[in-house]
Amino acid sequence: MKNLKILFALLFFIVGIDEIFFGRLIWSLPNESPWGTNHFFNFVYELKKIENKEKTKKRILAIGSSVAYYSIDKKKFETEFKNKFNEEVELEYLSYAGMTPLDAYLLKDKIISLKPDLVLYLINFIDYRLHRAAVINPNKTIYDTSDEELLLDALNFGDAPQSRFAFPFETFKEFFWEIPLDRSSDYLAATLFRFFRYREIYLPNLKNILNHRFSRNTSYHGYAGIQIPERVNALGWTTKEFSFETKKYMYEEGFYIEVVSEILKSGKLEISILETKKPCEMDSSDRRVEALKKDCCVKNSCLDRSDSEVGTSQVFGVTKNSPKVLQKIVISKTGWTKIKLDSKIKIGSFAKAVLSDSWIPNEASEERKDYSYDILGVRLQQTFGLEKPLNDMQYVREERIEDLRYLNMNEDEYKKYFEYRLLSDFATRPGIRYLLALRDTKIKLTSEKFKPKLHFNFLKKFTDYMNQNKMKLLLINHPENPISLSWYEKSDWYKEHLLFLHSLNSDYVRFEDYRNELKSIDFADFHHTTYQGLEKLNPKLVNSTEKLFKK
C-alpha cells in the first residue's frame, strides 16, 4: 500500500510538472526565434497565441508550408486591405515548413476552432511530396508507389516530425489501424505527456532567451538585429559597407563582429567609421533607401520599433558623399572581435562602417564555401543594434542580401546562376539531393497520367470539410519559378492536376491558379519567393481574398 501511494505521488508530480512547465511556462515566455528558424515550436506557439487572442475584426488564417510565410507579409497584407477596401482585417499564420494537405486535414478542427472568417491556403508542388515516391521506389513510376507506403513515409518522424508535435491525437485517432504499433505508441505518449511531445522543439527558444541576455550572441543560425540599409544576409554577414544608429552600449560594452581568413588574404582589415545621414535626409536613387525614406517620413521617426511594427521603420542609410573618418579600426586575426565606438561619434547619431576588403562565398573554404557570388564583409552578432532583444519575429520577414542577387539580371544570367547555385556539383554537395529529386520527379511526371494520390485525396477531404462547415477557403496554386515550371507545365499530368484543383471549387471553396504570376527573378529557388516576389504577390492575394469575402 505504501509503495502504491509513492507511485501515485510520483505520477501526480510528473503530471504537475508536465502541466506547469510544458503546458504553460514555455509558451508564456517571449518567442525570440528569428524568422525562418525553429519551425514547429513557432507553429505551436502561434497556435496558442491565436487561441488566447480576442477577435476584434475579420480574421484571415494563412495556412500552408514555408511558401506561405515566404509569400505573405502580415503588416503589408493588412495595410493593403485597409487602403483598398477601407476595412480592417487581421491576418494570422498557421504555417510551418513541410505542411502537407494531410497535415491540413488533421488540423481541420483546430482551424475551425480559431474562428477565422476566411482560410487562405497557399499550396505548391512540394506539398504533395511526390518526390518521396521516387525515393521509396526509385525503379518504379510515381504512381506505382501505394498510398499505404506514402502514408507511412508522410508520418515518418525522421523526415516529417510535425505529426508528433502539432497533432498527435488526431493522427493516432485517424490512423491507428494503419501504422505500426510502436508509432501509435509514440502518438499516444505525445498526446498524454507534453514533455514527450515537445522535448525536441522547446530548447532552442530557451537558449535564445538566455543567449540574448547573458552571452555575446555570436553563435546563431538566424540574424535578429536591426535592419541594415545595405542589408545583411540570413546569417548576419554584411556587405563591404553597413550603416547603423549608434547606441550607448556600443561605447561602453562594445559589440562583436566576425572576421574570416578570406577577407584577410591581402593583409589587415581596416574598418573606417564615417558620419552618415538618417533615412529622412538621404539623397539616393537606391530602391531600398527610397523605401526607407518613405517609411521613415510617414512615421516621422526612425527610432521606434515595437513588436507590432517590425519592418523598415528602424533602418539606417548611407550618403552619396561620405564625410570624414571618425574612427579607424584595424583587425589582423580571424574570429570574433569586440569593437567599442570612439567618443568622437555622437551617441544616437548615424554611422557607416566602410571595410577595406571583402570576400565571396564561392571562393571561400571550409564551412564558409557556398555557391553564391554575394560580396560579403564581416558578420554582426545576432542582436546587433538592439538594447533589448525583439520577440514575435518568427513570422516577420525582412529583406536580406539573398533577396537582392537577381535584381539586375536578365533571364539568361539568372538561369545560369540558378543552375550553378541549386543544381551543380552534386558529388561535392550531397545536400542538394532534395532539389535534384524535385527536378527529376517533375520531369518523370511528364510521361505519366495524373491520379489523385495520398495528399491530393486529403486535400479533397480538407476542402470538403471546410465547405460542409461553411468556412470560406481560398485555395491558391502558388506561383512557381518559370524555369522549374517549364520542366512539366505542358504535360498531361500538369493539366490534369489543374483540372483536379479546379474541381475542388464549391459554395465556400474558391480555387485560383497563380502559377504564372511571378518572374524568375522573383524566386530564390523552385518555389520560394524573394522579398520582391512577396511584395508583388501580396496585393494579388488581397484582391482574391476580398472577392471571396464578397461571395
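User: Among contacts in the chain between residues at least 6 apart in sequence, what percentage join residues at least 24 apart?

Analyst: This is a predicted model, and what follows should be read as a description of that prediction. The chain contains 21 helices and twelve strands. When contacts between residues at least 6 apart in sequence are considered, the share that joins residues at least 24 apart is 79%.

User: How does the radius of gyration of the chain compare with what the globule rule gives for 551 residues, and what is its value?

Analyst: The C-alpha trace spans about 75 × 70 × 55 Å along its principal axes, and buried residues account for 56% of the 551 residues. For a chain of 551 residues the globule rule gives 24 Å, and the value for this chain is close to that, so the chain is as compact as a globular protein of that length, with a radius of gyration of 25 Å.

User: Which residues of helix H4 are buried, and on what side or sides of H4 do they lie?

Analyst: The buried residues of H4 are Phe77, Glu78 and Phe81. They cover an arc of only 95 degrees around the axis, which means that they lie on the same side of H4. The elements that cover these buried residues include strand S1 (58-64), strand S2 (89-95), strand S3 (118-123) and helix H21 (531-550).

User: How far apart are the end C-alpha atoms of H4, and which residue caps its N-terminal end?

Analyst: Helix H4 has twelve residues (residues 74-85), which at 1.5 Å a residue should span 16 Å, and this agrees with the distance between its end C-alpha atoms, 16 Å. At the N-terminal end, a side-chain oxygen lies 3.2 Å from the backbone nitrogen of Lys75, and the residue that provides this oxygen, and so the cap, is Asp73.

User: Is strand S2 largely enclosed or open, and which residue stands opposite Glu90?

Analyst: Seven of the seven residues of S2 are buried, so the strand is largely enclosed by the rest of the structure. Val89, Leu91, Tyr93 and Ser95 point one way, while Glu90, Glu92 and Leu94 point the other way. S2 pairs with S1 in the parallel sense over seven bridges, and the residue opposite Glu90 is Arg59.

User: Which residue of strand S9 is the bridge partner of Glu241?

Analyst: Strand S4 (residues 241-245) is mostly covered, with four of its five residues buried. Five bridges join S4 to S9 (residues 350-355), and the two strands run antiparallel. Within S9, the bridge partner of Glu241 is Val354.

Conventions:
Residues numbered from 1 in each chain as written. Predicted model: local features only at pLDDT ≥ 70, side-chain atom pairs only at ≥ 80, totals over all residues. Heavy atoms only, no water. Expected span 1.5 Å × (residues − 1). Buried < 20%, exposed > 50% of the residue type's maximum accessible area, 1.4 Å probe, protein only. Arc of directions from axis to C-beta. Contact = heavy atoms within 4.5 Å. Polar contact = N/O pair within 3.5 Å; in protein donor to acceptor, adjacent residues only side chain to side chain. Pairing = 2+ DSSP bridges. Rg over C-alpha atoms; globule rule 2.2 N^0.38 Å.
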